[in-house]
Structure formats: structure tokens, C-alpha cells
Amino acid sequence: MVDPRIRQYREAALAMKNGQFRVPIPIKPDDEVGLLGQALAELGPSLQARFEEINTLCTITEKINHGLILDEVLNYVYDSVRPLVPYDRIGFSLLEDGGKIVRARWARSEAPEMKITSGYEAPLEGSSLQRVMETERPRILNDLEAYLGEHPQSESTRKIVEEGMRSSLTCPLIAMGKSIGFMFFSSMKPDTYREAHVELFMQIAGQLALIVEKGRLYQQLVELNETKNKFLGIAAHDLRSPIAVIKSYLALLLRDFLGEISKEQREVMKSMNSACETMLALIDDLLDVSAIESGRLDLRPQEVDLVEYLRACHASNSLLARAKSIELQLDLAPDLPRVVMDPHRVNQVVNNLITNAIKFSHPDTAIVMRARALSGEVEISVSDQGQGIPEEEIPRLFTAFGRGSMRPTAGEKSTGLGLAIAKRMVEAHGGRIAVQSKVGQGSIFTFTLPLKTPPRNGQ
């Protein structure tokens with residue numbers, strides 16, 4: 001006859017498999033089967049504790065990945081992991097000044113008064129923390145008073161003891177293979193960490209080290225980006241003036257204001273003038289990129305008659321299209337409203353879409369600029385019968401220098417910045433820009449403008 005306890009043990013094991021760790025398990029009498037029940041009964045709480053540890057670590061990881069600031073994560077740790085690990089105080093310090101100084105960054109304590117708070121610092125060299133950093137292993141002190149008696153020069157230990165702590169566990173913070181600081185768990189009772197599950201403490205410290213390093217790298221990236229924007233703006237601005245001067249002198253020479261020039265000289269100067277215009281266009285694009293990246297894109301909105309405005313855009317681009325034997329058509333809905341926008345910035349968008357369509361279209365084709373009113377916005381599109389864009393290249397079209405594999409049909413120049421700038425100009429107005437395209441059939445670029453006043457700073 002099968003012992004009925006075996007069936008109960010099997011049911012208990014299945015329940016634990018499904019996450020139910022506290023189930024009644026008979027453990028009497030003390031025979032071999034009973035001892036198995038005893039082991040199973042002890043396994044349940046152990047599995048539950050481990051499950052709670054893993055769940056807590058997963059939650060901490062999730063909060064870190066969501067980009068919460070360090071103080072919020074540390075406060076979350078302090079409030080949430082107490083059922084898993086014992087402490088009455090948690091401190092968080094970072095290595096600074098090239099790793100020479102240990103500076104307290106954050107701390108919370110159950111003591112009436114904290115003796116070590118944010119900003120407290122001490123040299124690393126010669127301290128017990130140097131050994132922790134070098135070995136990358138935790139340090140456990142289960143009798144802080146005895147340790148202070150042996151090391152009376154340790155000011156930080158004296159302050160912690162004065163705060164009421166009697167045992168501590170120090171974990172090194174390691175991120176990307178580099179020591180960046182320390183996390184201190186302290187208790188008001190001695191011997192708290194004699195049976196400590198050190199791996200859990202190290203996992204918590206490791207997760208927090210990641211958010212610190214991520215924050216440092218992000219700050220470095222922000223500073224580098226700001227430096228790049230300043231350099232870009234200064235370089236572009238300083239380049240514009242001499243090129244504009246050269247272009248002005250070329251204009252004088254081409255008009256024979258400084259004496260008659262030969263046919264050969266005239267052709268050379270026309271080429272030089274064309275190169276100057278290309279350079280000025282690139283510099284203007286770089287200045288726009290600098291303004292956008294630094295948040296200094298300034299909009300000057302005003303009420304515009306959209307019909308007259310688009311007709312003017314059509315007229316100014318028709319000659320460019322005609323020079324390539326391309327017909328630029330205009331299709332305006334009859335109910336187009338007046339729109340509040342920055343006409344100069346929107347003109348950059350329209351001109352970019354039309355000139356791109358001309359660049360990538362073959363002669364004897366047509367380009368159509370359309371506009372219609374929708375609910376709460378107007379939609380403007382430019383469609384061509386050009387080469388089209390491969391589907392895999394569309395996602396990078398609106399990024400800086402995001403050129404595709406298609407080439408201008410007459411060898412025209414392109415900076416690769418136009419669509420990226422157009423996207424930001426449209427978004428600064430609160431609109432959207434998109435493209436539909438099929439290789440061999442052409443493309444349709446569409447953007448919208450809301451029927452409301454855009455913010456003056458374009459943000």
C-alpha cells in the first residue's frame with residue numbers, strides 16, 4: 001500500500017511549481033518518508049524568499065531601465081527590500097577626483113540623527129575601502145564597536161557608531177568592469193550580517209551601479225553635444241561672411257564694374273559663383289541644424305493666406321523645374337483657410353521638397369504640389385514621377401546626412417540635411433511629415449500644419 005503522505009508531497013511539489021510555496025505538509029512520523037516531508041516543508045519558505053528576492057531585483061531593474069533618477073531608485077530600494085535584507089541604514093558613496101576621494105552621495109537611516117550625510121568625503125588611499133575596491137568583494141563587520149577600538153583613526157566608523165549602528169556590510173559598486181563607489185548596509189544590532197546572503201546585496205549594488213554609470217555617460221554625451229553645437233554654430237557663422245564677400249566681388253566682376261573680362265574668365269567666375277552658392281546653402285543648413293540641436297530654433301508666426309503663399313512658392317520653383325524639362329503643377333483645394341505659421345521656415349520645407357523632387361526626377365515628367373484642408377489642419381504634399389525610394393531606406397530619410405541609394409538625375413549636389421531640417425521645422429509648428437514611395441513610380445512627401453498658433457520658440 002502506498003503511503004498517503006507521498007500523494008500529499010506530490011501535490012505540494014506541484015503547488016510550489018505553480019508559485020504556491022506555503023502549503024500544508026505532514027511531517028510525522030519521523031521515518032524516511034517523514035524526513036522527506038520535513039525537507040519539503042523547509043524548501044517552501046526558502047523558495048518563496050528566493051522568489052521575492054528575484055521579483056524585487058526585477059522591479060529595481062525595470063525602474064532603472066525606465067530612467068528614474070538615482071535618488072528615486074535609492075529611496076525605492078530603502079522602502080521595498082527591507083523584508084529581504086536587514087538594515088537600519090543605507091549609504092551610497094561614489095569615487096571622485098580621479099578615484100582619490102570617496103564622497104557620500106545619498107543616505108537614509110532610522111537613527112534620530114545622521115552623522116554622515118551627502119557631501120561627506122574621505123581619501124580612499126590607506127582606508128579599508130581601498131581593499132574592498134581592489135578585491136571587488138564585500139566587507140562584513142559584525143561588531144563595529146570592536147572594529148573602532150582596533151581602528152580608532154577611522155572617522156567614518158566613529159560617526160556610524162555614534163549614529164547607533166553596530167554592524168555593517170559594504171558592497172563595491174562595479175559598472176562596466178570599473179569600480180565607481182560603494183554601497184553601505186548598516187544595522188543597529190551586532191552580528192546582523194553573520195549569515196548574510198551576500199549575493200543579494202551585490203546584485204542590488206550592481207543594478208544601482210548601472211544607473212550611476214548610465215547617468216555619467218549621458219551627462220558626458222550632453223556636454224559633448226553642446227560643445228559640438230557651439231562649434232558648429234561658430235564655424236558656420238565665421239565661414240559665411242568671407243564666402244559672402246567672395247560672392248559679392250564675383251558679382252562685381254561679372255557685371256564688368258571692375259573692367260571688362262574675357263569669355264573664359266566669365267565662365268570660370270560663374271563656376272566660382274555657383275560653388276559659393278552651394279557653400280552658402282550648406283552653411284545655412286548647418287546654422288539651422290545648430291539652432292535646432294541647441295533648442296534655439298526661433299519661429300516668427302504670422303497669419304498667412306495659404307493660397308497666395310503656395311502660388312508664390314510654385315512660381316519661384318517653376319523656372320528650376322522648367323530648366324530640367326519638368327512640369328511643376330499646382331493643385332489647390334478651393335476652401336484653403338488662412339494659416340498661422342512662420343512663412344520663412346515653411347518656405348524652407350516646401351522648397352526642399354520641390355527641389356528634391358526635381359533633383360531625383362527625369363526630364364519630361366511632372367511634379368504636383370497639392371494642398372487641402374482637413375479637420376483642424378491643412379495638408380500639403382509634393383508628388384513626383386521620379387525614381388522612388390527603396391522601402392528599407394525610408395526610415396533614415398529624415399535623419400541628418402541620411403542619404404539613400406538614389407542619385408540626382410543631373411548630378412545635382414545634396415548636403416543630406418534638407419529633410420532632417422524640414423522635419424524639425426514641421427514639428428516645431430506642431431505638424432507631421434511623412435513619405436510614401438515605390439521604386440520606379442515616384443514619391444509623395446506630405447506634411448501638415450495645425451490650424452493654431454505655433455509656439456514662438458519652436459519647441
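User: What share of the contacts in the chain with a separation of 6 or more comes from residues 24 or more positions apart?

Analyst: The share is 66%. Contact means heavy atoms within 4.5 Å. This is a predicted model: local features need pLDDT of at least 70, side-chain atom pairs count only at pLDDT 80 or more, and totals for chains, interfaces and linings use all residues. Residues are numbered from 1 along each chain as its sequence is written, and side-chain values use heavy atoms, with hydrogens and water left out.

User: How many helices and strands are in the chain?

Analyst: The chain has 11 helices and 13 strands. Both are DSSP runs, numbered from the N terminus: helices are H or I with at least four residues, strands E with at least two.

User: Why is Phe184 called buried?

Analyst: Its relative accessible area is 17%. Buried means under 20%, exposed over 50%, partly exposed in between, with a 1.4 Å probe and protein chains only. Phe184 is under the buried limit, so the label holds. Buried residues make up 42% of the 459 residues in the chain.

User: Where does Phe184 lie, and which residues does Phe184 touch?

Analyst: Phe184 lies in strand β6, residues 178-187. Leaving out residues up to four places away in sequence, Phe184 touches Arg89, Ile90, Gly91, Phe92, Ser93, Leu129, Leu169 and Thr170. The C-alpha atoms of Phe184 and Ser168 are separated by 6.9 Å, and these residues are 16 apart along the chain.

User: How many disulfides does a search of the whole structure find?

Analyst: The search finds 0 disulfides. The test is a pair of cysteine sulfur atoms within 2.5 Å.

User: Why do Cys276 and Cys313 count as buried?

Analyst: Cys276 has 10% relative accessibility, so it counts as buried. Cys313 has 2%, so the label applies there too.

User: What makes up the contact of α9 with α10?

Analyst: Tyr309, Cys313, Ser316, Asn317, Leu320 and Ala321 in α9 meet a set in α10 that includes Pro343, Val346, Val350 and Ile354. By class, the contact has 9 nonpolar, 5 polar and no charged residues. Ala, Val, Leu, Ile, Met, Phe, Trp, Tyr, Cys and Pro count as nonpolar, Asp, Glu, Lys and Arg as charged, and the others, Gly among them, as polar.

User: At what angle do α9 and α10 pack?

Analyst: Helix α9 (residues 306-322) and helix α10 (residues 343-359) pack at about 35°, with their axes 10 Å apart. Axes are lines fitted to C-alpha atoms, for helices over the stretch in contact, and angles run from 0 to 180 degrees between N-to-C directions.

User: What is the order of the open sheet of 5 strands, and which are the edge strands?

Analyst: The order is β8-β10-β11-β13-β12, with mixed pairing. The edge strands are β8 (327-332) and β12 (433-438), as each pairs on one side only. Neighbouring strands are turned by 15° against each other on average, direction ignored. Helix α9 packs on this sheet, touching β8, β10 and β11. Helix α10 also packs there, touching β8, β10, β11 and β13 (442-450).

User: How do you know that β10 and β11 pair?

Analyst: Two strands pair if DSSP finds at least two bridges between them. Strands β10 (residues 366-374) and β11 (residues 377-383) have 7 bridges and run antiparallel, so they pair. Met369 stands opposite Val382 in β11.

User: What joins β12 to β13?

Analyst: They pair in the antiparallel sense over 6 bridges. Ala434 has Thr446 in β13 as its bridge partner. Their hairpin has 3 residues between the strands, and Gly440 takes a positive phi near 85°.
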